[in-house]
Amino acid sequence: MRPILELLDVQRTYRIGESTVHALRGVSLTVEQGEFIAIMGASGSGKSSLLHILGLLDNPDKGEYRILGNNVNTLSEDEQAGLRNNVAGFVFQQFHLLRRMTIVDNVRLPHIYSGLKGDFRQEAARRLALVGLEKRIDHTPNQLSGGEQQRVAIARALVRDPLIIFADEPTGNLDTKNSYEIMKILKGLHEQGKTIIMVTHEIDIAAYAQRVITMRDGVIVADERREGPERSSVPAENPRFDLHAGGRRTLLQSGRFAGFMAQAFQSILSNKVRSLLSVLGILVGVASVIAMMALGEGAKVAMQQQLKSMGSNLLSIRGGSAKIRGAAVGAGAVTRFTVKDVEAIASLGSLVKNATGVVSGSGQAVYENKNWSTNLEGAGYDYGVMRSAIPTIGRWFSREELQKREKVAIIGVTVAKELFGTGNPIGRTIKINRINFKVIGIAPVKGFSGPRDEDDTVIIPLTTAMYRVLGKDYLSGIFVEARQASDIELTKNTISELIRKRHRLHADDDTFNIRDMTEIQKMLTSTTETMSMLLGSIAAISLLVGGIGIMNIMLVSVTERTREIGLRKAIGARKNDIMLQFLVESVGLTISGGVIGIMTGIGVSLLLSLFAGWAVKTSIFSIVLATVFSVITGLFFGLWPARKASELNPVEALRYE
């Protein structure tokens with residue numbers, strides 16, 4: 001029969017500090033199927049190094065290692081991991097059970113890396129029944145004795161039905177009674193056809209084997225076959241397997257990713273305090289992003305309301321300051337606009353949609369025993385539409401009322417509050433500068449524009465203001481609405497030429513100015529967007545700090561779980577499997593923090609709106625942005641710890657203290 005394992009002149013050297021240790025010095029060995037081999041020797045003789053190379057946990061520096069005639073030294077690390085998962089079952093002296101899992105989950109752990117889909121809980125339960133633990137499948141390792149834990153390790157080694165069982169000091173941590181129970185199980189497995197290679201330093205344990213190999217100083221000094229059957233009494237078939245099968249299935253084709261997800265969240269939930277501290281930074285960062293962007297968006301909406309009140313495509317024409325003999329004259333002292341100017345500008349129908357004149361002054365409003373000093377605005381009929389001043393309660397004055405100089409008024413909410421409190425002012429009569437006016441509407445709320453309260457105003461017909469109240473025969477200014485935003489500059493130039501022609505002004509006369517209100521709108525919009533970006537950037541710094549915290553926690557986790565990583569690699573985990581599992585944990589932490597942060601951020605936004613009275617608006621964009629950013633943070637800051645974990649050598653990781 002062809003040997004299943006062959007070592008040809010294998011050498012292995014380790015560097016420990018500045019010293020060189022020759023663990024194996026030209027070892028040659030063949031193992032046939034069905035053998036029960038015990039490898040003995042003093043500490044440092046090389047027996048564990050030999051077992052690690054046979055079990056594909058380590059590679060020789062020189063020589064060849066063949067499995068069924070195939071040189072496995074030419075396989076990649078991932079291909080060797082897949083081979084370990086299919087061919088080898090490991091029983092360790094330290095048991096290497098994961099404390100946070102039940103024993104049935106420990107036993108089915110190798111199936112996660114097998115690439116096969118399924119739960120495999122029943123298969124694990126059958127293996128536990130084989131070692132006498134069928135009634136304790138939902139217990140954790142901490143609830144078992146040492147002997148029971150070793151039996152769980154044996155069940156885990158058997159769950160993939162391996163070709164060979166490698167046992168490293170399987171009774172080293174057990175008393176005599178438990179040692180007997182474990183060896184009885186191994187002997188029974190050998191009788192069923194399993195090939196067993198065991199390392200031990202106890203002669204009475206080695207007596208269970210039919211072949212005893214003794215090592216000293218890295219070489220085999222004795223290879224004895226005991227009396228009795230040399231191999232299992234069960235006839236064995238010629239084993240067949242694909243050396244490259246381990247790396248062919250993708251994550252989507254196999255059941256590995258679902259297993260990684262379950263393992264990752266099990267790890268997160270098993271360390272609740274540490275996980276909470278880990279997600280705290282992400283939670284604060286995401287909540288800050290949501291709340292800050294809600295504030296910025298709310299400010300933007302409030303600003304848009306103010307901009308809307310200014311009107312669209314609007315030009316403001318005011319009398320400018322002239323210089324007479326070097327002395328500056330007050331605004332409007334030279335060029336004074338009249339209603340005829342408004343009519344002339346309105347006649348530019350191809351460029352101008354609406355035009356209206358305004359006069360401004362102060363007024364004393366009185367109702368019964370209450371009086372209030374306010375701003376008085378005389379406006380034309382189109383003013384309401386152009387400046388978004390059409391009342392939401394009541395009505396705007398008519399063209400007939402404008403023509404007849406009727407004494408009707410639209411009051412702002414501030415004036416309404418001061419004169420009428422919570423009462424309804426519509427239809428009431430108030431005195432403005434000792435003249436009776438009928439209140440016909442309440443102007444829409446506009447808020448503050450700088451230090452000025454835009455709601456502290458009274459709007460009356462232009463003709464009434466000029467000839468009945470303020471006694472002016474000229475306008476304070478003219479508002480013009482251009483037909484198209486693209487024609488604003490042309491409209492400005494055309495109006496400027498018209499005014500200079502009507503008032504016989506020279507081209508260099510600086511006696512009036514035309515202000516483009518859209519420029520102010522753009523400036524305010526740009527300022528609001530900049531503030532939103534600034535607030536979002538400040539909040540994003542919190543996410544960055546939270547990500548660094550996640551990275552630190554994951555690095556600590558890699559150190560704490562070094563043995564676990566070694567175990568996972570020993571049972572068939574590839575580098576990408578380990579990396580992906582730690583990335584899933586990292587992203588899981590950040591997503592958890594992100595979800596809680598989103599709810600916290602929305603809650604903070606609502607509280608700010610409720611108690612501070614700030615304008616807030618939580619947008620879907622900010623929620624998506626915070627979620628995506630938290631995922632990217634988890635990937636970015638989890639990558640280094642995950643890569644560090646995947647690079648660990650399984651032998652060194654298993655020995656880590």
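Biologist: Where does UniProt place the feature "transmembrane region"?

Modeller: The unreviewed UniProt entry places "transmembrane region" at residues 276–296, 533–558, 579–608 and 620–640. UniProt positions are given in the numbering used here, feature names are shortened, and annotations may be inferred rather than shown by experiment.

Biologist: What are we looking at, and how are the residues numbered?

Modeller: This is a predicted model, in which local features need pLDDT of at least 70 and side-chain atom pairs count only at pLDDT 80 or more, while totals for chains, interfaces and linings use all residues. Residues are numbered from 1 along each chain as its sequence is written, and side-chain values use heavy atoms, with hydrogens and water left out.

Biologist: How much of residues 276–296 is helix, and how far apart are the end C-alpha atoms?

Modeller: Residues 276–296 are 100% helix and 0% strand, and their end C-alpha atoms are 29 Å apart. Helices (H or I, at least four residues) and strands (E, at least two) are DSSP runs, numbered from the N terminus.

Biologist: And what about residues 579–608?

Modeller: That span is 100% helix and 0% strand, with 42 Å between its end C-alpha atoms.

Biologist: How many helices and strands does the protein chain have, and what share of its residues is buried?

Modeller: The protein chain has 21 helices and 24 strands. Of its 657 residues, 50% are buried. Among contacts (heavy atoms within 4.5 Å) between residues at least 6 apart in sequence, 76% join residues at least 24 apart.

Biologist: Let us turn to helix packing. At what angle do α11 and α16 pack?

Modeller: Helix α11 (residues 339–346) packs against helix α16 (residues 488–502) at about 140°, with the axes 11 Å apart. Therefore α11 is oblique to α16. Angles under 35 degrees count as roughly parallel, over 145 as roughly antiparallel, 65 to 115 as roughly perpendicular and the rest as oblique. The axes are lines fitted to C-alpha atoms, for helices over the stretch in contact, and angles run from 0 to 180 degrees between N-to-C directions.

Biologist: Which residues meet there?

Modeller: From α11, Lys340, Asp341, Ala344 and Ile345 meet Ile495, Leu498 and Arg502 of α16. The contact residues of α11 with α16 comprise 4 nonpolar, no polar and 3 charged. Here Ala, Val, Leu, Ile, Met, Phe, Trp, Tyr, Cys and Pro count as nonpolar, Asp, Glu, Lys and Arg as charged, and the others, Gly among them, as polar.

Biologist: How do α5 and α6 cross?

Modeller: The axes of α5 (residues 121–130) and α6 (residues 146–158) come within 9 Å and cross at roughly 130°, which means that α5 is oblique to α6. Arg127, Leu128 and Leu130 in α5 meet Val152, Ala155 and Leu158 in α6. That contact of α5 with α6 has 5 nonpolar residues, no polar ones and 1 charged.

Biologist: Which residues of α14 are buried, and what covers them?

Modeller: In helix α14 (residues 413–420), the buried residues include Thr414, Val415, Ala416, Leu419 and Phe420. Their cover includes β14 (352–367), β15 (370–379) and β17 (408–411). Gly421 follows α14 and has a positive phi near 65°.

Biologist: What is the phi of Ser388, and where does Ser388 lie?

Modeller: Ser388 has a positive phi of about 50° although it is not a glycine. Most residues other than glycine have a negative phi. Ser388 lies in the loop between α12 (383–386) and β16 (393–394), and it is partly exposed because its relative accessible area is 26%.

Biologist: Finally, what does Gln80 touch?

Modeller: Not counting residues up to four places away in sequence, Gln80 touches Leu56, Asn59, Val72, Asn73 and Leu75. Gln80 lies in helix α2, residues 77–87, and counts as buried because its relative accessibility is 5%.

Key
Buried means under 20% relative accessible area, exposed over 50%, partly exposed in between (1.4 Å probe, protein chains only).
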